[in-house]
Amino acid sequence: MSDLLERLRGRGWRMTSQRRVVAEVLDGGEHVHLTADEVHARAAQRLPEISRATVYNTLGELVSLGEVIEVSTDGRAKRYDPNAHRPHQHLVCSNCGTIRDVHPLGNPLADLPSAERFGFTVSAVEVTYRGLCPDCA
């Protein structure tokens with residue numbers, strides 16, 4: 001069983017065949033960042049009767065549960081990242097929009113000097129690295 005499916009089962013999430021297929025599609029590895037339409041297309045290959053609305057609703061529920069991260073970049077279609085429980089940042093191709101998970105050394109939260117926090121209690125950091133992927137370079 002996959003990591004995402006194990007987490008969902010551990011939460012007691014009702015595992016219908018449609019939900020299971022969406023979770024299986026998302027759980028394709030560390031660098032999976034599919035759009036909702038891509039999730040639907042892959043899910044429909046396994047379960048032809050799955051509707052687009054079911055996919056969107058399931059993705060919304062997984063994001064609400066904190067089991068999937070919704071990633072938005074540069075006004076492009078939202079992508080869904082199942083790597084929600086492992087701290088990481090994203091590397092985004094400025095041309096085609098490909099997204100890869102990266103794990104830079106250090107702690108970006110600790111790297112923000114106290115003088116630059118302006119009294120904020122900082123609880124999270126999002127860093128996005130941009131450039132061209134090998135195919136677009």
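**The largest pocket**

Which residues lie nearest the centre of the largest pocket? In this predicted model, they are Ile-69, His-88, His-90, Val-125 and Glu-126, and the lining comprises 19 residues.

The space in the largest pocket amounts to about 400 Å³. By residue class, its lining consists of 7 nonpolar, 8 polar and 4 charged residues.

**The nonpolar core**

The largest nonpolar core has 21 residues. Within this core, the residues with the most contacts are Val-22, Leu-26, Val-39, Leu-59 and Leu-62. Two or more residues come from each of helix 1 (3–10), helix 2 (17–26), helix 3 (36–46) and helix 4 (52–65). Helix 2 gives the most, contributing 5 residues.

Leaving aside residues up to four places away in sequence, Leu-26 touches Leu-4, Val-32, Val-39, Leu-59, Leu-62, Val-68, Tyr-80 and Pro-82.

Strands of a sheet pair through backbone hydrogen bonds, in either a parallel or an antiparallel manner. Here, an open sheet of 3 strands has the order 1-3-2, and its pairing is antiparallel. Strand 1 (34–35) and strand 2 are the edge strands, each pairing on one side only.

Strand 2 pairs with strand 3 (residues 79–81) over 3 bridges, in the antiparallel sense. Opposite Val-71 stands Arg-79 of strand 3.

Key:
Residues numbered from 1 in each chain as written. Predicted model: local features only at pLDDT ≥ 70, side-chain atom pairs only at ≥ 80, totals over all residues. Heavy atoms only, no water. 1 Å grid on protein atoms, 1.4 Å probe; cavity = no way out; pocket = protein on both sides within 12 Å on 5 of 7 lines; lining within 4 Å. Points joined across faces, edges and corners; volume = space filled by probe spheres on them. Nonpolar A, V, L, I, M, F, W, Y, C, P; charged D, E, K, R; others polar. Core = buried A, V, L, I, M, F, W, Y, C linked by side-chain atoms within 4.5 Å. Buried < 20%, exposed > 50% of the residue type's maximum accessible area, 1.4 Å probe, protein only. Helix = DSSP H or I, 4+ residues; strand = E, 2+ residues; numbered from the N terminus. Contact = heavy atoms within 4.5 Å. Pairing = 2+ DSSP bridges.
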